[in-house]
Amino acid sequence: VVSAYDQLTYPGFAYPSTHPWRVEVLARLFGVAAAPAATCRVLELGCGDGGNALSIAQTLPGAEVVGIDAAPGAIARGTVLAQAAELENVTLRVGTFEALDAELGSFDYVIAHGVYSWIPPQARAALLACVRERMAPAGVAFVSYNAYPGSYLRDMARDMLRYHLRDVSGPAARLAGAHALMETIVAIDEPSPYARVLREHLERMLGVHDALLFHDDLAEISTPFYFHEFVEHATEHGLRFLAEADLFESQMRGVPDSAGQLMASLPDDAVVREQYLDFFKNRMFRQTLLCHGEMPLRRALDEAAVMSFAVSSLARADGLAQADGEAFPDDEETFSTPEGFAMTTSEPHVRAAMYALADAAPGTVAFAALLDIAAVAAGPGAPREVVAERLREVLLQAYLARVVGLHGSAPPVSGRPGALARASALARAQCAASAPAVSSLLHTNVALDGQLEQALLPLLDGTRDRGALAAGTGASEAAIDAALTRFASAGLLHG
Ligand SMILES: C[S@@+](CC[C@H](N)C(=O)[O-])C[C@H]1O[C@@H](n2cnc3c(N)ncnc32)[C@H](O)[C@@H]1O
C-alpha cells in the first residue's frame with residue numbers, strides 16, 4: 001500500500017477544511033475549548049509529501065506542525081520543499097501509525113486526510129488508536145473517508161477498472177488503460193438513467209489529476225464506510241463524533257418537509273441524523289471531526305463564540321453600489337459569492353458589515369472591528385449590545401449558508417498588492433519546482449495562469465518594485481499590475 005506513493009508523485013495539495021483555523025471554529029461552536037490555531041501543535045498522519053502540512057505551517061507561523069508518513073520518498077520530497085521555502089515550524093518524518101515515536105508529545109489538532117479508507121483494517125485501527133493517544137484533552141481530529149451509500153458508485157467504477165487492468169502494472173500503463181476504458185464508456189449514449197449516472201461519475205474521474213486517480217480510485221485498497229460504522233469504530237477507540245468539517249452539509253437545506261418529518265420521528269441523536277442526511281444526499285465522502293469520548297458537547301451552536309473569530313467573505317452586493325458615506329437606503333440587498341451562495345438583508349448595519357468584508361477580501365476582519373462598523377451604520381439610537389447580538393446571529397447564519405467564512409485566526413494575507421509585493425515563500429518554492437498548483441496563504445490551491453505568472457511569482461520576495469518586476473519578466477508594468485491583482489485576490493500575497 002505504501003510503496004505506491006513513492007511510484008507516482010502525489011500533487012501535494014492543501015486541503016482547506018483540515019486547517020486548524022477552521023477546525024477551531026467548529027470546536028468552539030460546539031462548546032469545546034480548542035487550542036487557538038495561531039499557536040497550536042498539529043500532527044498530520046499519512047501526510048504524503050506534506051503539501052497540506054507545509055501549507056498549514058506557512059499560514060500559522062506561531063504553530064508547530066509535524067507530518068508522519070511511511071513512504072520515505074514522499075517525506076524526502078516534502079522535506080526538500082520545506083527547506084526551499086525556509087519553513088522552520090514544520091517537520092516531516094518517516095514513521096507509521098503502528099509505532100509512532102512517543103517523544104512527539106501531544107497535539108491540539110490531528111489530521112488524517114485521505115488515509116482511513118485507503119489502508120488495511122489493522123492500520124485503520126492503529127490510526128484511530130494513534131489519534132486517541134496523541135490528541136490533547138481538548139484536541140480535535142479530522143478524519144476523512146469515502147462514505148456509503150454514494151460510494152457504491154465509486155465501487156462500480158473501481159470493479160470495472162480492476163477487471164480491465166487485471167494484468168496491467170505500473171502507474172503509466174494503468175492510467176492509460178483506465179482512461180481508455182472510461183473514455184469509451186463516456187462516449188456511449190446509452191439512455192438508461194443508471195448508465196447515465198455511471199457516465200457522469202466516470203466523467204468526473206477523468207477530470208481529476210492523474211496522481212489522485214491512481215492513488216484514490218485505482219488503489220489496491222479503497223474501502224468506503226457508512227457514517228455509523230465509522231463512528232462505531234471511533235467509539236471503540238475512545239473517540240466521539242464532534243461535527244462534520246463543513247456544517248453546510250449537516251443541515252436540512254433544500255430537502256422537502258417530508259424529509260423533516262421523517263427526521264423528527266428518529267431518535268434525537270446527532271449520529272442518526274447525520275446518517276439519514278447521507279441517505280437523503282447519497283453522500284460519497286466525509287470529513288469528520290472527532291474529540292475525546294469524555295468531552296462534553298453542546299449540540300446547539302454557541303452563537304457567542306462568533307465574537308472571538310475573524311470573518312471573511314467573497315460575497316458582493318448584486319446590483320446596488322454602496323453610497324459612500326451616505327445613509328443606506330432601506331432597500332433589500334442580496335450579497336452573492338462567486339459560487340452562488342447568497343444572503344439577502346435590508347438591515348443597514350448588516351449591509352455595512354458585508355461591505356467591509358468585501359473590501360477586506362480575501363482577508364478577514366475581526367468581529368470586534370466589524371461590530372464598530374456595524375454600530376456606526378446602525379446609528380446612535382441602537383445600543384451596541386443589540387447590534388452585537390444581531391451581528392453574531394446573522395454571521396452565524398451566513399457561515400452556515402457558506403456566505404461568510406469564520407477563522408480562529410486571521411490568514412496572513414493582503415487583498416491589495418503593496419509597492420514591494422511579497423508572495424508566500426511556499427508558493428514561490430512550489431512554482432520554482434514546477435508544482436501543478438501552489439498553496440495560497442488562505443490554505444487553498446492556486447493554478448498559475450500562463451508564463452508571466454510562472455515567471456513573476458518567484459520574484460516576489462518583497463525586494464522588487466514594479467519596475468524591477470517588469471525588467472525581470474520582460475512584461476509591461478500594466479501586465480505586472482494585473483497579475484499582482486490576481487495574486488492578491490487568490491490569497492498569494494502577504495500584507
Ligand atoms: C491516499 S494517501 C493520502 C496522502 C495525503 N494525506 C493526501 O490526502 O494527499 C495515504 C498516505 O498514507 C500513508 N500510509 C499508509 N499506511 C500508513 C501507515 N501505516 N503509517 C503511516 N503512513 C501510512 C501512505 O504512505 C500515503 O502517503
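Which backbone oxygen does the side chain of Arg466 reach at 3.0 Å? That of Gly418. It is a polar contact, defined as a pair of N or O atoms within 3.5 Å, where within protein one must be able to donate a hydrogen and the other to accept it, and residues adjacent in sequence count only if both atoms are side-chain atoms.

Some ground rules before I go on. This is a predicted model, where local features need pLDDT of at least 70 and side-chain atom pairs count only at pLDDT 80 or more, while totals for chains, interfaces and linings use all residues. Residues are numbered from 1 along each chain as its sequence is written, and side-chain values use heavy atoms, with hydrogens and water left out.

Back to Arg466. This residue sits in helix 18, residues 466-473; helices here are DSSP runs of H or I with at least four residues, strands are runs of E with at least two, and both are numbered from the N terminus. Arg466 is buried, at a relative accessible area of 17%. Buried means under 20%, exposed over 50%, and partly exposed in between, with a 1.4 Å probe and protein chains only. Leaving aside neighbours within four places in sequence, Arg466 is in contact with Pro417, Gly418, Ala419, Glu477, Ile480, Asp481 and Leu484, contact being heavy atoms within 4.5 Å.

Asn89 also uses its side chain on backbone oxygens. The residue is in the loop between helix 4 (72-84) and strand 3 (90-94), and is buried at 13%. A polar atom of its side chain lies 3.0 Å from the backbone oxygen of Ala57, and the side chain reaches the backbone oxygen of Leu60 at 3.0 Å. Not counting residues up to four places away in sequence, Asn89 touches Ala57, Leu60, Pro61, Ala63, Glu64 and Val65.

Next, helix packing. Helix 7 (residues 171-186) and helix 9 (residues 210-217) pack at about 90°, with axes 11 Å apart. The axes are lines fitted to C-alpha atoms over the stretch in contact, and angles run from 0 to 180 degrees between N-to-C directions. The two helices are therefore roughly perpendicular, the class for 65 to 115 degrees. On the helix 7 side are Pro171, Arg174, Leu175, His179 and Met182, which meet Asp210, Leu213 and Phe214 of helix 9. By class, that contact has five nonpolar, one polar and two charged residues.

Leu161 is in helix 6, residues 151-164, and counts as buried at 2%.

Last, the rings. The whole structure has 11 aromatic pairs, meaning Phe, Tyr or Trp rings (for Trp, the six-membered one) with centres within 6.5 Å; planes under 30 degrees apart count as stacked, over 60 as edge-to-face and the rest as tilted. Tyr116 and Phe230 are edge-to-face, at 5.0 Å centre to centre and 90° between planes. They are 114 residues apart, with Tyr116 in the loop between strand 4 and helix 5 and Phe230 in helix 10. Both are buried.

Tyr226 and Phe279 have centres 6.3 Å apart and planes at 80°, so this pair is edge-to-face. Tyr226 is partly exposed at 22%, and Phe279 is partly exposed at 38%.

Conventions
Parallel < 35°, antiparallel > 145°, perpendicular 65-115°, else oblique. Nonpolar A, V, L, I, M, F, W, Y, C, P; charged D, E, K, R; others polar.
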